Amino acid sequence: MATIVVKRPKLKWWEKLYLPALIGGIGVTIRHFVRTLTGRTKVTMQYPEEKWNDHLPEWYRGAPALVTDEQDRERCVACQLCEFICPPRAITITPEEIASDDKWAKVEKRPREFEIDMIRCIYCGLCEEVCPEQAIFLRQEYAITGTSRAEMVHDKKKLYEIGGKRVGLVNKWNALK
Amino acid sequence: MPPIASIDLASLAISTAKIIGLVFLVIMPMVAYSVWAERRVSAAIQDRVGPNRVGWAGLLQPMADGLKFILKEDFTPGHVRKGYYWLAPALTMIPSLLTCAVLPFGSRLFGEKMVIADLDVGPLFVFAIASLSVYGIVLAGWASNSKYPFFGSVRSSSQMISYEIALGLSIIPLLMIHGELNLGRLVQEQAVNGWALLPLWGESLSLKGFVLAIPVFVSFLIFTTSIFAETNRLPFDLPECETELVAGYHTEYSSMKFALFFLGEYAAMIIGSGLAVTLFLGGWSLPFGWLAPESTTAEVPLWHGLVHIGAFFAKVIVFIVFFIWVRWCLPRFRYDQLMRLGWVWFFEIALANIALTAILLAIFK
Amino acid sequence: MSDEQKPAVEMVDVQIDGEWHQFPKGTRMIEACRQAGRDVPHYCYHPKLSSPGNCRMCLVEMGMPPRPRPGEELKPDEDGHLPIQWIPRPAIACANTVAPNMGIRTDSELTRACRHGVMELLLINHPLDCPICDQAGECRLQEFSVEHGNGASRFRENKVKKPKNVAIGPRVRLDDERCIMCSRCIRFADEIADDPVLGFTDRGSHTTLAVHPGRELANNYSLNTVDICPVGALTSNDFRFQMRVWFLKETESICTSCGRGCNLTIGGREGEVHRLTPRQNDAVNSAWMCDHGRLNFHYLNSELRLTDPLIRGEAGHETATWAQALKTAAAALAGFGPNEVAVIASGRLTNEELFMARQFAAAVKSEFIDIVPRLGEADDYLAAADRNPNTLGAKLILGLENPGAGLKSIRDGIAQGRIKALVALQENLVDDAGFSAGDLGKLEFLLATYPLANPTAEAADVVLPGAGFAEKRGSMINLTGRLQRLNRAHAGPGQTREPWEILRDLIQELGGGNGIYRADDVFAAMAAEIKEFAGLKLADLPADGVALLDTGETVPLLDRERERKAKGVIVG
C-alpha cells in the first residue's frame with residue numbers, strides 16, 4: 001500500500017504552550033470581525049430584497065423556455081430532440097401539423113403541447129444545445145415555485161411567456177420558401 | 001446575617017424582588033441575547049451576515065426562536081426512561097440559575113445589598129451547586145437509552161469532575177491573599193485596594209501587591225479555562241461534539257426540553273463570567289477606586305449603586321463576548337488532550353500556585 | 001448450403017478489400033460485399049426490386065486480371081489467384097455481378113472520394129427539413145452524410161424549389177425537395193403493386209417525382225413506398241408527426257389482420273403503438289405488407305379500451321378487482337350443468353389461448369366450442385380471404401373440421417334454453433357472429449372478454465379486459481401452415497390481462513391450479529398434448545417462424561418474386 005509519511009512538525013516550547021497560537025487566532029478573527037462590520041468584506045446577497053436579476057450573465061442557465069422570432073413565429077417545430085436528449089426526461093412534446101391556411105403552413109409542424117416538468121428539470125442546458133431550430137433557451141428565470149406538482153409543469157403558454165421574442169437568430173424558414 | 005428564624009415578610013419580599021429582577025429580568029434575557037450575540041459575532045468573524053431578519057438587525061430573533069421551541073412538537077422517544085428523561089433538562093437549567101444567588105451584582109441600592117444571598121461561603125456554594133449540573137447531563141445521557149447521548153454524558157461527567165478540581169484549587173491563592181470567602185466583601189476589598197488582576201491603587205499598589213499578582217494571574221488562566229470546560233464550551237465541548245456524537249447528551253431531546261439544555265449552557269456561561277468578574281476583575285467596582293464605598297455597610301448614593309450594577313454587567317458582557325470569541329477561534333480538543341490538560345497540567349500548576357502563594361505570603365507578611 | 005442436392009453453381013473467387021472469398025456466379029457485387037461483411041452504402045438498390053443503378057452511391061473500385069501481352073502468361077500466386085489490375089474508374093456494385101478473379105475495394109481512396117462526391121451532390125438541393133421530417137433518425141441520407149459526407153456545404157446558389165407536402169394518395173404524402181431520385185417507389189408501384197402511377201418529370205436539377213395526372217397512389221400496398229424511401233420524401237399520413245422514430249421501441253411480431261400472418265415490427269412508446277412496419281420474411285410476406293393490416297392497430301389506442309374488470313350490478317356495470325370478477329364468473333359458471341355453457345372462442349386467439357379455451361370448455365363440462373369465421377376478399381398479392389389470423393390453429397387445437405359450423409347450434413341452443421350461459425372470448429358476438437341482442441338477453445349468464453367496449457360487453461354479466469395483439473405473447477399458425485410468434489410490445493392499459501391469463505385464472509377458480517405462469521408454459525403443455533407441436537418451445541421459435549403444417553397454400557406475390565429472381569431481375 002502506498003503510504004505517505006507526513007512529518008509532524010516539532011514544536012518549540014512556547015508553541016506547545018498553546019497561548020501564542022490562541023492569541024494569533026484571536027487576531028485573525030478580530031481582523032475578519034472588523035472587516036465585516038466595517039463593510040469591507042463582501043457578504044451574501046440579501047436574497048428576497050436583493051435579486052439576482054440584474055447581475056445574471058446572458059448565458060445564465062435558468063428555466064428553459066421557448067422563444068418566438070421577429071415575426072412572432074414560434075420557432076419550435078416539435079422535432080422532439082430536446083425530449084430525447086433531456087437526461088431527467090422533463091420534457092413532453094405533443095406535435096401537430098400546422099393547418100394549410102396558416103401563414104406558416106410551410107413549416108408544417110409545431111408543438112400542440114410542450115410541457116417541461118420543472119420538478120424534473122436539472123438546468124443542464126442540453127435542450128438548448130441540441131435544438132436545431134434555436135427555439136429553446138435557458139433564460140434568467142431562476143425562482144420557479146408552485147404549490148402543487150401540476151403547477152410546476154410549465155406548459156407552452158408559460159414557456160413562451162418566459163422566453164419571449166428573440167432576435168438575431170437564423171431564420172431559415174423565412175427565406176425564399 | 002439575621003438568624004433564619006427571624007425572616008420577616010419585608011426581607012422576604014425584597015429577596016423575592018431581587019430574585020425575580022436578577023433571574024428573570026436580567027439573566028434570562030441575557031441568555032437569550034447571548035445566543036443572538038453568538039450568532040451575529042460568529043457570522044461577522046466568518047464573513048457572514050447572521051440572523052438579521054426578525055426585528056431590526058435580528059434583535060427579535062431570540063423571541064422567534066423561543067416561540068418556535070415552545071410550539072414545536074415535544075417528542076418523547078419510546079425507548080427512554082421517561083421520569084429521568086423529563087428531569088434531566090430541569091437539572092441542567094436549575095443549578096445554573098441557583099448559583100447566581102451569591103453573586104454581588106452591585107453595591108447597594110435603596111440601602112439594600114445587591115446580592116440575593118450574602119453568604120459567607122460564596123465560592124464554595126457556587127462550586128457545590130454548579131457540580132449538580134453534571135447530574136442533568138448524566139441523567140440525560142442515561143435516560144435517553146441511546147448510545148451517542150450515553151457517550152456524551154460519560155464524557156461530560158469525567159470532564160466536569162476533572163476540571164472542578166482545577167477550578168477549586170485555582171481560586172485558593174485568591175482566598176489566601178484576601179482571607180475572605182464572602183464575595184461581597186471580596187469585591188469591596190478590590191474596589192478599595194485594587195482588583196486582583198489590576199493591583200494599581202490602594203494597598204495593592206506596592207511590591208507585595210505586584211508580586212502577588214503573579215499567582216493571581218496563573219489562577220485566572222486556570223480558572224477561566226476550567227470555566228470553559230465546566231460549561232461545555234468550545235474548545236472543550238466534547239460531550240456534544242457533533243462530528244463524533246451527533247448532538248451528544250441531548251441527541252434525543254426536542255422542543256423546549258432541548259431548549260432548556262441550550263439555555264442552561266448559556267446561563268452557566270453567564271454565571272461563570274459573573275464569578276470570574278467578581279473574583280478577578282473587581283466585580284461591580286470601578287477601576288482606581290472611583291465611586292468606591294468606604295465599606296460594605298456604608299451608605300451608597302443611588303446613582304453610585306446604579307453605576308455599580310452597570311459596571312458589573314458591562315464586565316460580564318465583555319467576558320461573555322470573550323467566551324463567544326474563543327469558540328470561533330479554537331478547534332476542539334481531542335479527548336485525551338483534554339484529560340491530560342486537566343490532570344497533568346492544571347492540577348499540578350494549581351497546586352504549585354498555592355504553594356507559591358503561601359511562600360510569597362510568608363515572605364511579604 | 002450443400003452443393004450435392006442443388007444443381008451445381010459455378011463458384012468464383014473474388015477479392016474483397018484484400019481477402020479472397022467464393023461466391024456463386026451471378027451474385028451482385030453489392031451482395032458479395034454484404035456477405036463478406038463489407039457493407040456498401042446504397043439508395044436505389046433494393047434486393048426485391050430491379051436495379052437501375054441511378055443513385056451512384058454504391059460506387060466501388062473494381063479490378064480484373066490484366067490482359068496479357070501476346071505470348072505472355074499471367075503467373076498465379078501460390079493460392080492460384082491471378083494479379084489484379086485496378087480499373088481507374090469506379091463501378092456500381094448494385095447492378096454488376098461478380099466475375100472470376102475480380103477485385104473489389106470498398107474502402108479505398110477512390111471509393112471514399114466517390115461516396116464523398118455523391119453525397120455532396122445529393123445534398124445540394126436537399127432542404128434543411130430534418131427537424132420536421134419524419135424520416136429523421138432512420139434516414140439513409142442522414143446516416144451516409146455522417147459517414148461519408150462533408151461537414152459543410154460549398155453550394156452558394158439558391159436551392160431548387162420543388163413541390164412540398166403533396167398528397168399523392170390517400171395515405172402517402174410527397175415532399176419533392178427531399179427526394180433523391182432513387183426511383184425505388186416508382187419501381188415498387190410498377191413491379192410489385194402493378195400500379196405504375198409514379199414517375200419522374202422534368203430533367204436535371206429539376207427532376208421531380210410525380211404521380212400520373214388524374215391518378216393517385218391509392219393501392220392497398222402504397223405505404224410500402226414510405227418504408228423503402230431512403231429519405232423523407234414519402235411519408236405516411238397516418239404516422240406523420242405522431243412520434244419521432246428514435247423513441248419507438250421495436251418489437252418483432254406478426255400481423256393479425258388476416259391469415260397471411262405478415263411479419264412486422266411494432267413501433268411503440270410508453271404503452272402506445274405508433275406504427276407497424278413489415279419485417280422481411282421470404283416465406284411469408286417478402287418485405288411488404290398491405291396498408292389495411294399496417295393501419296389496423298388504432299383500436300389499441302382507442303378511448304373505448306376496457307381497462308378494468310366489470311361486474312353487472314344493479315346500476316349497470318361496476319368496476320371490480322380481478323379477484324372479485326373471477327370469483328363472480330366462476331361461481332356463476334359452476335352453477336350450470338353439463339353442456340349448459342357454450343364457449344365462443346376466436347380465430348384471433350393465439351394457439352396458447354385456444355388451448356386454454358379448450359381446457360376451459362372441459363372445466364365447465366361443455367362440448368359447445370367454436371370460433372367466429374371472418375371472411376374478406378383475397379387479393380392477388382398478400383391479403384388472404386380468411387381474415388382470422390389463426391384459423392389453422394383453431395382447427396388443430398379445438399379439433400374443428402369446419403370453423404363456424406357450430407355457431408348455429410349454439411344460437412339454437414340459446415333460443416331453446418338448453419344453453420344457459422355463454423362465454424365469448426375476444427369476440428363481439430352481436431356484430432361479427434350473427435347473434436342478436438335478443439339471443440344474448442335469453443342467457444342467464446354471459447361472460448365476455450374483449451379489448452374494447454362493444455354490444456356484447458354491454459350485455460355481459462361479467463366483462464374482462466383482454467389484451468390486444470401488441471400486448472400479448474403467443475404463437476399463431478398462418479394459412480401456409482407456418483408457426484410464428486407474437487411478442488408483447490408492452491403491457492395493455494389499466495388492468496388488462498392477456499386472454500390466456502384470464503382463462504387460466506378462471507380454470508383455477510373452477511378447479512384448482514395448473515402450474516401455468518407464462519405463455520411458454522401453456523405452449524409446453526400444448527406441445528405435450530398435440531403432436532404437431534411436439535418438440536417445439538415458444539421461446540425457441542425463430543423470428544421468421546417454422547413451417548409446421550403443409551397446406552398447399554401459395555402466396556401470389558411470393559410466386560412472382562421467385563419467378564423474377566429466377567430470371568435474375570432481382571436479387572430476392
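At what angle do helix H4 (residues 122–144) and helix H5 (residues 147–178) of chain B pack? In this predicted model, where local features need pLDDT of at least 70 and side-chain atom pairs pLDDT 80 or more, while totals for chains, interfaces and linings use all residues, the angle is about 170°, with the axes 8 Å apart. That makes H4(B) roughly antiparallel to H5(B) (over 145 degrees). Axes here are lines fitted to C-alpha atoms over the stretch in contact, and angles run from 0 to 180 degrees between N-to-C directions. Residues are numbered from 1 along each chain as its sequence is written, chains are lettered from A in the order written, and side-chain values use heavy atoms, without hydrogens and water.

The contact (heavy atoms within 4.5 Å) involves, among others, B:Phe127, B:Ile137 and B:Trp142 of H4(B) and B:Phe150, B:Met160 and B:Leu167 of H5(B).

Next, look at helix H6 (residues 183–193) of chain B. Eight of its 11 residues are buried, meaning under 20% relative accessible area with a 1.4 Å probe, protein chains only. Among them are B:Leu186, B:Val187 and B:Ala191, and the cover includes H4, H5 and helix H9 (255–280) of chain B. At the start of H6(B), a side-chain oxygen of B:Asn182 comes within 2.8 Å of the backbone nitrogen of B:Gly184. After H6(B) comes B:Gly194, with a positive phi near 95°.

Finally, the rings. B:Phe220, B:Phe223, B:Phe228, B:Phe280, B:Phe319, B:Phe322 and B:Phe323 form one aromatic cluster; rings pair if their centres lie within 6.5 Å, using the six-membered ring for Trp.

Notes: Helices (H or I, at least four residues) and strands (E, at least two) are DSSP runs, numbered from the N terminus. Angles under 35 degrees count as roughly parallel, over 145 as roughly antiparallel, 65 to 115 as roughly perpendicular and the rest as oblique. Buried means under 20% relative accessible area, exposed over 50%, partly exposed in between (1.4 Å probe, protein chains only). A polar contact is a pair of N or O atoms within 3.5 Å; within protein, one must be able to donate a hydrogen and the other to accept it, and residues adjacent in sequence count only if both atoms are side-chain atoms. Rings of Phe, Tyr and Trp (its six-membered ring) pair if their centres lie within 6.5 Å; planes under 30 degrees apart count as stacked, over 60 as edge-to-face and the rest as tilted.
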